Amino acid sequence: MRIVVWERQAELCGQYLAKGRRVGIEGYLRTRTWEDDGKRRRDVDVVARSVEFLTPAREGDADVVPFEAAVA
């Protein structure tokens with residue numbers, strides 16, 4: 001399963017997310033199907049409408065800002 005994020009939210013996620021950081025995601029499920037070498041495949045993605053950063057910035061992380069400040 002993948003999380004799909006678009007536009008400004010995608011930029012912020014790319015900039016501020018790192019392994020171990022927690023996020024809350026609100027969105028919808030999208031199912032995709034395709035054939036690969038004659039075998040039918042299926043995948044489900046979560047398409048994010050909103051992303052909330054739940055892990056607070058640690059002291060000393062100068063490059064990490066709270067989500068509300070980054071959006072404003």
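These questions and answers walk through a predicted model of one protein.

Q: In what pattern do the helices and strands follow each other along the sequence?
A: Start with the count: the protein has 2 helices and 3 strands. Now put them in sequence order. The pattern reads β-α-β-β-α.

Q: Where is E7 found, and is E7 buried or exposed?
A: E7 is found in helix α1, which covers residues 7-16. Its relative accessible area is 69%. Exposed means over 50%. Therefore E7 counts as exposed.

Q: What is the phi of E7?
A: Most residues other than glycine have a negative phi. E7 is not a glycine, yet its phi is positive. The value is near 55 degrees.

Q: Which loop holds D37?
A: Look at the strands on either side. Strand β2 spans 23-36, and strand β3 spans 39-53. D37 is exposed there, with a relative accessible area of 79%. Its place is the loop between β2 and β3.

Q: What is the phi of D37?
A: D37 is a residue other than glycine.

Q: What percentage of the residues in the protein is buried?
A: A residue is buried when its relative accessible area is under 20%. The protein has 72 residues. The buried share is 25%.

How values were computed:
Residues are numbered from 1 along each chain as its sequence is written. This is a predicted model: local features need pLDDT of at least 70, side-chain atom pairs count only at pLDDT 80 or more; totals for chains, interfaces and linings use all residues. Side-chain values use heavy atoms; hydrogens and water are left out. Helices (H or I, at least four residues) and strands (E, at least two) are DSSP runs, numbered from the N terminus. Buried means under 20% relative accessible area, exposed over 50%, partly exposed in between (1.4 Å probe, protein chains only).
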